[in-house]
Amino acid sequence: MAEEEKRPQEVPQKRRRPYVGGALLIAITAFIITLFTSGIAYGVQSAVGGGGGKVEEGIVVDGVREFRILAPQWYYEPSTIKVNPGDTVRFIVTSPDITHGFAINELGVNLVLSPGVAIVREVVIPPDFPEGTYTMYCSIFCGSGHSYMKGSLIIGAGGAGMGKILPYIATAVMSGVFIAVGIIGRRRAR
Ligand SMILES: [Cu+2]
């Protein structure tokens, strides 16, 4: 997922009415702040929620790789789990507070976690399943941190590093855009 860099110098020459420029600036600023916040929140979550980026491999019980996952507001513990292609995986997921979801699109998993009830789901990962890092996420709105309630499922070798680095790259890119917008804004003001 390489991001193409957009060059900021393609500024239209025609004059804009001030309020259009102002509204645009506010919209862009709001967008940037949102991305900043999510980048930071996600970064903090992957650093703290994952126990320092620890990868949980579960325990194998009678040939089934079992994970006990806690799902409070607004994270999964463990937040990064690893399985192998060909594994039979058992998820035992419990929410201690309010109703959350537990979804992994690529595996067709979408659980409703009623508070205090351990929800069990078994999945067989096909031996030829593409290795990689997949997202597990909350699929039921659960408050202000809902969109940050995510974790990673690594299948096989995965691309474990990318999920950790991505928020920081996003934040760095956004800093660049923020500065660029600031400079353009100043130039226009002259
Ligand atoms: Cu949620």
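How many helices and strands are there in the protein chain? There are two helices and nine strands, where helices (H or I, at least four residues) and strands (E, at least two) are DSSP runs numbered from the N terminus. This is a predicted model, in which local features need pLDDT of at least 70 and side-chain atom pairs count only at pLDDT 80 or more, while totals for chains, interfaces and linings use all residues. Residues are numbered from 1 along each chain as its sequence is written.

Read from the N terminus, the elements go α-β-β-β-β-β-β-β-β-β-α. Of the 190 residues of the protein chain, 21% come out as buried; that label takes 20 or more other C-beta atoms within 10 Å of a residue's own, with exposed meaning 12 or fewer, partly exposed covering what lies in between, and C-beta atoms placed from the backbone. Contacts are counted when two C-beta atoms, again placed from the backbone, lie within 7 Å. Taking the contacts with a separation of 6 or more, 68% link residues 24 or more positions apart.

Now for the core. A nonpolar core here is a set of buried Ala, Val, Leu, Ile, Met, Phe, Trp, Tyr and Cys residues joined through C-beta atoms within 7 Å. The largest one has 20 residues, and A71, V93 and L153 have the most contacts inside it. Two or more residues each are given to this core by β3 (80-83), β4 (88-94), β5 (100-104) and β9 (150-155). As a general matter, nonpolar side chains in soluble globular proteins tend to be buried together. With neighbours within four places in sequence set aside, L153 touches I81, V83, I104, Y134 and M136, all by the contact criterion.

I81 stands opposite L153 in β9, and β3 and β9 pair in the parallel sense over four bridges; pairing calls for at least two DSSP bridges between two strands. β3 is covered on both faces, with T80 and K82 buried on one side and I81 and V83 buried on the other.

Then there is an open sheet of four strands, ordered β1-β2-β4-β7, with mixed pairing. β1 (59-61) and β7 (119-124) sit at its edges with a single partner strand each, so one side of each has no neighbour in the sheet. From one strand to the next the twist averages 30°, using axes that are lines fitted to C-alpha atoms (for helices, over the stretch in contact) and angles from 0 to 180 degrees between N-to-C directions.

Within this sheet, β2 (residues 64-70) runs parallel to β4, joined by seven bridges. R65 stands opposite V89 in β4, and R68 is set opposite I92 in β4. By contrast, β1 and β2 run antiparallel, with three bridges, and I59 stands opposite E66 in β2. The hairpin of β1 and β2 has two residues between the strands, and D62 takes a positive phi near 50° there.

V61 belongs to strand β1. It is exposed, because 9 other C-beta atoms lie within 10 Å. V61 and R90 are 29 residues apart along the chain, and their C-alpha atoms are separated by 9.5 Å.

I98 has 13 other C-beta atoms within 10 Å, so it counts as partly exposed. Leaving out neighbours within four places in sequence, I98 is in contact with Q73, P115 and C142. I98 and P115 are 17 residues apart in sequence, yet 5.2 Å apart in space, C-alpha to C-alpha.
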